[in-house]
Amino acid sequence: MKTLFDQTKGNKVFEPFELAGITFPNRIIRSATFEGIADEKGKPSDQLLKKYEALAKGGVGGIITGFIGVGQQGKASSNMVMLNEAGNIEVLKKLMNRMHELGTPVIAQLNHCGGQSKEESAHMPIVAPSKISDYKAREMTKAEILEVIEEFVQGIKNAKEAGFDGVQIHMSHGYLLSEFVSPRMNRRNDEWGGSTENRFRIVKMIFEKARKEVGDYPLIVKVNGYEPLKNGMTIEESEKIAKLLEQVGCDGIEVSNGSLKAGMATIRGQVPWRMIVAQNEKLNKMPEFVKKFVGVISNKAVPQPQPKNLYNLEAAMAIKKAVNIPVILVGGITKLEEIEDIINNDKFVAVSMCRPFIIEPDIVNKFKTKKQTQTKCIQCNFCIIGCEKSPLKCYYGKVPVSNS
Ligand SMILES: Cc1cc2nc3c(=O)[nH]c(=O)nc-3n(C[C@H](O)[C@H](O)[C@H](O)COP(=O)(O)O)c2cc1C
């Protein structure tokens with residue numbers, strides 16, 4: 001296959017590089033992927049360590065954890081790792097010691113799920129910047145906003161104590177901080193809403209307070225480059241947000257898009273109807289042929305966002321132009337050829353992938369030896385539904401027998 005870069009200049013994809021003061025062994029990072037491996041108190045089991053070991057041995061350049069909660073009210077599922085519980089720090093220390101033995105940096109992604117939290121997991125009312133029809137949450141009080149800032153700062157301190165190489169603050173996919181910066185989701189008319197600066201205030205305060213506590217500890221952010229929804233984030237608005245992030249001392253930006261309301265915009269590919277039905281007690285009682293029919297019809301009826309590959313490229317390019325901090329591209333990267341083009345032509349400092357690592361934790365080694373140059377992932381997206389109740393795995397388009 002013809003590569004898109006000048007071979008004589010050398011291939012930087014598998015060379016070490018530095019980002020935010022962290023040395024990564026190569027440029028292919030595992031993007032945050034919810035693993036669903038924790039008990040009710042958010043304590044992960046050894047299964048998480050095993051998953052990370054497989055990724056490390058498989059050549060991954062670095063791992064961004066699945067989202068880790070900073071506070072009870074921001075919980076979206078009962079199997080979510082939590083870093084507000086002091087007891088969990090010790091467990092994560094063990095994981096980090098092992099990862100450092102293997103030479104793989106790990107960044108903790110910290111999150112508050114905001115309006116996308118679930119009452120049955122949080123065991124308390126759900127909150128968001130504003131009460132809007134995208135979700136059932138009520139509007140946060142000013143006191144609650146200040147509490148969440150403290151929760152993030154404590155989460156960052158705890159991540160540092162646990163030995164994580166850095167933190168990624170989750171500000172994308174329609175969770176609390178992306179709700180705050182989004183003109184669609186933040187309709188407040190106090191100092192926390194309105195202008196871009198006001199909508200960004202919560203993030204600014206997290207950075208200011210965290211920096212006092214953790215100094216130059218690496219802090220990166222995952223942003224929505226755009227939201228394909230009415231009044232959602234535009235690329236122009238996300239450029240402004242990126243500049244503000246740079247001003248507050250953010251060390252790097254990963255560019256994604258979407259929210260639950262925007263359906264499949266974040267991950268693209270098939271709508272996993274059959275898996276949704278299988279996970280739902282009532283729907284799963286339907287006769288088998290009806291379930292199959294629902295799967296086929298629904299995928300025809302619901303338009304899949306296009307393109308399916310490299311769909312955050314335009315927004316990430318715009319953000320890269322707007323700032324001087326490193327930018328990472330995620331979303332629909334499926335081929336070595338694409339990665340070589342991105343890295344060797346200096347489009348982005350690194351790329352990150354999620355689904356390709358679920359089916360093949362050793363995809364980087366396969367790419368490196370050219371044993372394989374493309375992911376085997378078929379974008380069935382059953383994984384995203386499965387991890388709500390069971391540990392993350394690839395279903396390869398097959399409904400698990402015990403659930404069907
Ligand atoms: C099973 C699954 C779990 C995910 N969990 C997270 C998460 O915890 N945090 C996050 O920022 N993104 C999460 N994502 C989104 C991915 O990080 C990534 O942005 C998206 O899947 C596009 O990348 P890909 O095409 O390489 O899969 C998840 C995606 C999937 C499929």
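So, where does Pro 183 lie? Pro 183 is in the loop between H5 and H6. Before I go on, keep in mind that this is a predicted model.

Pro 183 is partly exposed, since 16 other C-beta atoms sit within 10 Å. If we skip the neighbours within four places in sequence, Pro 183 touches Asn 231 and Glu 237. There's also Glu 227: that residue is 44 residues away from Pro 183 along the chain, and the two C-alpha atoms are separated by 10 Å.

Ser 182 is in the loop too, between helix H5 (176-181) and helix H6 (196-214). Is Ser 182 buried or exposed? Buried, because 27 other C-beta atoms lie within 10 Å, and the cut-off for buried is 20 or more. Again leaving out the neighbours within four places in sequence, Ser 182 is in contact with Glu 227, Gly 232 and Met 233. Take Gly 232: in sequence, Ser 182 and Gly 232 are 50 residues apart, but C-alpha to C-alpha they are 6.1 Å apart in space.

Let me zoom out to the whole chain. We have 14 helices and 13 strands here. For 404 residues, a compact globule would come out with a radius of gyration near 22 Å, and this chain has 20 Å, so the two agree. Along the principal axes, the C-alpha atoms fill a box of roughly 55 × 55 × 40 Å. Of the 404 residues, 50% are buried. And if you take contacts between residues at least 6 apart in sequence, 73% of them join residues at least 24 apart.

Now two helices, starting with H7. Which residues of H7 are buried? They are Ser 238, Ile 241, Ala 242, Leu 244 and Leu 245. Look down the axis of H7 and those buried residues fall within an arc of 160 degrees, so they line one face of the helix. On the other side of H7 you'll find Glu 236 and Gln 247, both exposed. As for what the buried residues of H7 pack against, we have H5, H6, strand S10 (219-224), strand S11 (253-256) and helix H10 (313-322). After H7 comes Gly 249, with a positive phi near 95 degrees.

The other one is H2, residues 86-101. Its 16 residues should span 22 Å at 1.5 Å a residue, and the end C-alpha atoms are 24 Å apart, which agrees. Buried in H2 are Asn 88, Val 91, Leu 92, Leu 95, Met 96 and Met 99. What covers them includes helix H1 (46-57), strand S6 (106-111) and helix H4 (142-162). H2 is also followed by a glycine with positive phi, Gly 103, near 75 degrees.

A few backbone details next. The peptide bond from Gln 306 to Pro 307 is cis, and omega is near -10 degrees. Pro 307 lies in the loop between helix H9 (288-301) and H10. Leu 310 belongs to the loop between H9 and H10 as well. Its phi is near 45 degrees, a positive value in a residue other than glycine. Leu 310 is partly exposed, because 19 other C-beta atoms lie within 10 Å.

Lys 370 also has a positive phi without being a glycine, near 60 degrees. You'll find Lys 370 in the loop between helix H13 (363-368) and H14. Lys 370 is exposed, because 9 other C-beta atoms lie within 10 Å.

Last stop, the ligand. Which residues come nearest to the ligand? Out of the 25 residues around the ligand, it's Ser 31, Ala 32, Phe 34, Cys 354 and Arg 355. The elements giving two or more residues to that shell are helix H12 (355-359) and helix H14 (382-386). By type, the shell splits into 13 nonpolar residues, ten polar and two charged.

That's my tour, and I'm happy to go back to any part of it.

Technical notes: Residues numbered from 1 in each chain as written. Predicted model: local features only at pLDDT ≥ 70, side-chain atom pairs only at ≥ 80, totals over all residues. Near = placed C-beta within 6 Å. Helix = DSSP H or I, 4+ residues; strand = E, 2+ residues; numbered from the N terminus. Nonpolar A, V, L, I, M, F, W, Y, C, P; charged D, E, K, R; others polar. Buried ≥ 20, exposed ≤ 12 C-beta atoms within 10 Å, placed from the backbone. Contact = placed C-beta atoms within 7 Å. Arc of directions from axis to C-beta. Rg over C-alpha atoms; globule rule 2.2 N^0.38 Å. Expected span 1.5 Å × (residues − 1).
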